[in-house]
Amino acid sequence: MASSCRRPEHMAPPEIVSMISRMIEIQSQMSERAVELLNLPEDQPCFLLDVGCGSGLSGDYLSEEGHFWVGVDISTAMLDVALDREVEGDLVLGDMGEGLPFRPGTFDGCISISALQWLCNADKKTHSPPKRLYTFFSTLYSSLSRGARAVFQLYPENSEQLELITSQAMKAGFSGGMVVDYPNSTKAKKFFLCLFAGFSGTLPKGLVSETVDRDVPNQVQFTGQRSRFRNMKGKSAKKGKDWVLEKKERRRRQGREVRADTKYTARQRRPHF
């Protein structure tokens with residue numbers, strides 16, 4: 001009997017399918033960490049911006065957390081993939097280096113995964129990286145509500161590139177700085193530029209201890225292996241016990257009070273006869 005859904009072995013060779021799965025998991029891990037650094041209000045849906053949204057993998061995590069979002073990307077092909085995947089956010093085609101076309105105070109926060117460093121390249125003769133960075137940051141600052149945060153996961157080429165990025169962000173009005181997770185690890189080290197719009201907040205601390213889960217590439221402590229993907233489309237699984245326990249652990253790291261009387265912890269405490 002023919003199946004209506006395409007099986008992975010019919011889509012690509014096993015090494016390609018495996019690579020795609022790892023890329024999805026890594027993207028999701030970095031998105032989760034970026035949202036954690038946003039320090040959003042508890043149990044309150046927010047309106048977020050995803051810069052360099054690509055095919056919408058980060059947006060899938062935002063939707064899973066109950067947030068509404070708009071994604072911006074320069075690639076028509078990637079946005080077409082996002083449309084085919086039927087992501088829940090709204091999509092905008094645009095070059096971040098030419099500025100963001102949103103009204104002042106539109107968003108409660110912004111995340112960006114592996115996109116910001118592209119503004120440091122002069123892909124055309126008319127491109128000036130400092131000017132493009134300033135144009136992006138200044139229009140982003142305007143697009144955010146006062147008190148909001150923007151978190152960028154990036155792969156800086158060198159210290160000069162980091163200085164260029166941060167200087168243009170501060171020139172546009174942001175405060176904040178760089179959060180480095182696992183600074184002593186060559187594989188798990190991650191850079192997050194955490195910016196504050198309209199206030200001077202306390203910069204979050206980077207993570208310092210690695211997990212021992214060898215199955216997760218570029219292991220990150222703030223997440224575990226979770227099956228949140230269905231038919232390779234990034235759709236989330238039901239929020240079960242593992243999801244609840246992981247969220248409680250994230251809140252503890254943020255210094256927030258965590259209730260112990262959930263149905264899962266209560267079930268664990270209940271005596272057995």
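The model is predicted, so local features are given only at pLDDT of at least 70 and side-chain atom pairs only at pLDDT 80 or more, while totals for chains, interfaces and linings use all residues. Residues are numbered from 1 along each chain as its sequence is written, and side-chain values use heavy atoms, with hydrogens and water left out.

**The sheet**

Start with the strands. Helices (H or I, at least four residues) and strands (E, at least two) are DSSP runs, numbered from the N terminus. Seven strands form an open sheet with mixed pairing, in the order β3-β2-β1-β4-β5-β7-β6. Select β3 (90-93) and β6 (175-181): these stand at the edges with a single partner strand each, so one side of each has no neighbour in the sheet. On average, neighbouring strands of this sheet are turned by 20° against each other, direction ignored. Two strands count as paired if DSSP finds at least two bridges between them.

**Strand β4 and its partners**

Next select β4 (107-113). Six of its seven residues are buried, where buried means under 20% relative accessible area, exposed over 50% and partly exposed in between (1.4 Å probe, protein chains only). β1 and β4 run parallel and are joined by three bridges; leucine 48 stands opposite glycine 109 in β4. Six bridges join β4 to β5, also a parallel pair. Along that pair, isoleucine 111 stands opposite valine 151 in β5. From β4 the chain crosses through α5 to β5, and this β-α-β crossover is right-handed (with the strands pointing away from the viewer, the path from the first strand over the helix to the second runs clockwise).

**Helix α5**

Now select residues 129-143, helix α5. Its 15 residues reach 21 Å from first C-alpha to last, close to the expected 21 Å (1.5 Å times one less than the number of residues). Which residues of α5 are buried? They are Pro129, Arg132, Leu133, Phe136, Phe137, Leu140, Tyr141 and Ser143. These cover an arc of only 160° around the axis, which puts them on the same side of α5; the arc is that of the directions from the helix axis to the C-beta atoms. The buried residues pack against β1 (47-51), β4, β5 (144-154), α6 (159-171) and β7 (190-196).

**Helix α4**

Select residues 76-84 to see α4, which lies across β2 (68-73) and β3 and runs at about 165° to β3. Axes here are lines fitted to C-alpha atoms, for helices over the stretch in contact, and angles run from 0 to 180 degrees between N-to-C directions.

**Strand β7**

Move on to β7. Seven of its seven residues are buried, so the strand is largely enclosed by the rest of the structure. Lys190, Phe192, Cys194 and Phe196 point one way, and Phe191, Leu193 and Leu195 the other. β7 pairs in the antiparallel sense with β5 over six bridges and with β6 over seven bridges. Phenylalanine 192 is the bridge partner of glutamine 153 and of valine 179.

**Cysteine 194**

Finish inside β7, at cysteine 194. Cysteine 194 counts as buried because its relative accessibility is 0%. Apart from neighbours within four places in sequence, its contacts (heavy atoms within 4.5 Å) include Leu37, Arg149, Val151, Val179 and Pro204. Leucine 38 is 156 residues away in sequence but 8.0 Å away in space, C-alpha to C-alpha.
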